[in-house]
Structure formats: C-alpha cells, structure tokens
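Dear colleague,

Here is the structure for your files. Please keep the notes below it together with the model.

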Amino acid sequence: MSAKGNTTGSPSTVTEITTDVDFEHHTSHLPSSTLLVLYFHTPWATPCAQMSTVLSALASSYPVTVPPAVTFLSLNAEDLPDISEAYDVSAVPFLVLVRNGKVLQTVSGSDAAKVRDAVEKHAGKSGNTGSAGLPPAQVVNAPKDEPTSNGAGGEEKPKDLSGYAPDSQDPATAPEMSDPTNTSKEELHKRLSELVKAAPVMLFMKGSPSAPQCGFSRQTVSLLRDHGVRYGFFNILADDEVRQGLKEFADWPTFPQVWIDGELVGGLDILREEVSNEPEFLKKYAVKPKEGLATPDAKGGPTAPEAQITA
C-alpha cells in the first residue's frame with residue numbers, strides 16, 4: 001500500500017513515547033489505513049543507537065500527510081513493560097508494524113535493510129532518496145563472513161566479547177567457550193544436556209549477573225535474587241555455538257532462559273507467571289539459613305554447582 005493523503009511538505013519524524021497514556025493518545029484515533037511503526041529500544045543497547053539513526057532517516061523520507069499514512073513511534077521497552085509485553089518484545093531493537101490494530105510484521109535486530117524493506121512493503125516506497133534517505137545497510141550489519149553476536153537483540157561484531165565474560169566475582173558454572181570446529185550436532189546436544197543440568201537452577205543470559213548485557217537478563221537476575229535463589233549461569237554472548245544451539249535444543253528462540261532440574265521453565269515472562277501463580281515455586285532452591293542463625297541470610301545469587309544449596 002502506498003503512502004497517500006494531502007502532503008504538508010514536512011518530513012515525518014519519530015515520536016518518543018514515555019507513558020502508557022501518551023501511547024494511547026497517539027494510537028487510539030489513528031485512521032484504519034495508517035501504518036503504525038513501533039520501535040522498541042533501550043538506552044544501554046548499542047544496536048539501538050544505530051537503529052535510532054536508521055529509523056529517523058527512514059521516517060524523514062516520508063512526507064507528513066493528512067490523514068497520516070505512516071506514523072513512527074519510539075518506546076523504551078523497559079520503561080513501558082506492559083506495552084512491550086503486549087507486542088511480545090523479548091529483545092531490542094525490535095520493530096512492530098501495525099495497521100488497524102493488526103500486527104503485519106515484526107523485525108528483530110539492527111539490520112537496516114530488513115527495516116527498510118518491511119516499512120516499504122506496507123507503506124510504499126518513499127519519494128526521497130537523497131541526503132535524508134536511509135543510510136547504507138552495512139552501517140549496522142556485520143560482514144557475512146564473520147560470526148555475529150546478538151548482544152541485545154541486534155547483530156554486532158564480537159570484538160568485545162571478552163568483556164562480557166563472567167568476572168572473578170561471578171564464578172563460572174560451566175565452560176565459557178567451545179571450539180566450534182568439527183563439533184557434530186550430537187556432540188553439541190550432549191554438551192547442552194550437561195550444561196542445563198550444571199546447577200539445579202541454571203540461567204542462560206546475556207552477560208553476567210554482575211554485568212548483564214540486556215534488560216531482560218538484568219530483570220531475571222533481580223527476580224532470582226529477590227527470592228533468595230542460588231543459581232548457576234552461562235554467558236551466551238561468550239559462546240556463539242551454545243547460544244545458537246540452545247535455541248534449537250530448547251525449542252525456545254530467545255534469551256534469557258531459566259532451567260530448573262534440567263527442564264526448561266522459559267524466559268522472564270514465564271518465570272514471573274510461575275512465581276505469581278505459585279509463590280513458593282522457587283522456595284526449594286532458596287538459600288537455607290546457616291545453622292545457629294535465628295534468621296536466614298537469604299540473598300540469592302550466582303554460585304558454582306558444587307556450592308549449590310538445595311532442599
């Protein structure tokens with residue numbers, strides 16, 4: 001569908017949404033023909049800074065029309081959790097294209113070409129291909145012949161992966177790196193089956209508990225800590241083979257992932273739901289009070305498998 005309407009001559013812009021009320025105000029009265037482009041981001045994710053530039057340039061290539069043919073809204077995924085959950089946002093940057101209340105397409109990651117293609121597919125190609133046009137796609141794309149790391153939902157070169165490895169305060173619960181050469185699918189699945197049982201509660205996350213690299217991992221760490229749970233963890237950013245293999249092994253495409261006694265629980269939303277429905281869901285894995293203490297010092301956190309405290 002092409003962009004139609006009376007053109008005002010001004011370029012479109014990306015509007016930042018800061019509250020649920022603000023979101024309702026900008027979306028409740030849109031014509032059914034308007035394409036709504038929702039851009040979910042977080043301030044700490046480097047790919048989001050790149051995508052913000054891409055989306056601003058893309059928006060400016062569409063003229064403002066009356067009624068609006070396309071509307072671009074930007075939302076902080078962590079500040080607006082209810083809206084993020086409504087659109088199944090599990091990583092950032094994440095775009096949702098909506099028309100007349102129906103989700104037409106979603107784009108996860110920082111591939112400028114995919115974003116441009118998705119918007120043009122549903123809004124039509126813009127007439128502006130000049131200086132305000134979309135930056136070259138390679139600005140945010142990793143070279144095809146290099147491995148990529150999906151740090152916060154987007155793709156970026158793994159040049160700084162060493163910085164994501166657990167530090168001395170976060171004892172590793174499993175090998176952090178693997179040699180992908182000559183590793184068969186059977187061998188990988190055997191390794192994964194051992195990893196998910198490396199501790200009674202295993203958290204596969206982006207980064208480490210002391211330095212989580214995505215908001216969803218950070219919130220999962222906080223939830224486990226608040227319930228006094230001792231858990232093992234694995235930094236999937238430090239091992240691309242595990243990151244990719246676990247998606248198929250678990251039949252669960254996103255991270256973080258929480259495993260209990262070798263069984264997949266799910267991500268942050270599922271863990272929250274389980275705890276909400278059954279308040280003692282994690283009690284079995286909480287830190288026990290030390291002998292002789294009147295009250296437990298039950299602060300949860302990462303630990304090595306051999307130091308796990310179980311019921």
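This is a predicted model: local features need pLDDT of at least 70, side-chain atom pairs count only at pLDDT 80 or more; totals for chains, interfaces and linings use all residues.

Residues are numbered from 1 along each chain as its sequence is written, and side-chain values use heavy atoms, with hydrogens and water left out.

Five strands form an open sheet in the order 2-5-3-6-7, with mixed pairing. (Strands are DSSP runs of E, at least two residues, and helices are runs of H or I, at least four, numbered from the N terminus; two strands pair if DSSP finds at least two bridges between them.) At the edges, pairing on one side only, are strand 2 (14–17) and strand 7 (102–108). Strand 3 (residues 35–41) and strand 5 (residues 70–76) run parallel, joined by seven bridges. In this pair, L36 stands opposite T71.

Salt bridges. The count is six, where a salt bridge is a side-chain nitrogen of Lys or Arg within 4 Å of a carboxyl oxygen of Asp or Glu. One of them joins E248 to K185, with the closest N and O atoms 2.6 Å apart. E248 lies in helix 7 (residues 240–250) and K185 in helix 5 (residues 185–195), 63 residues apart. K185 is exposed at 54% relative accessible area, while E248 is partly exposed at 47%. (Buried is under 20%, exposed over 50%, partly exposed in between, with a 1.4 Å probe and protein chains only.) Another salt bridge pairs K284 with D261, at 3.9 Å between the closest N and O atoms.

Regards
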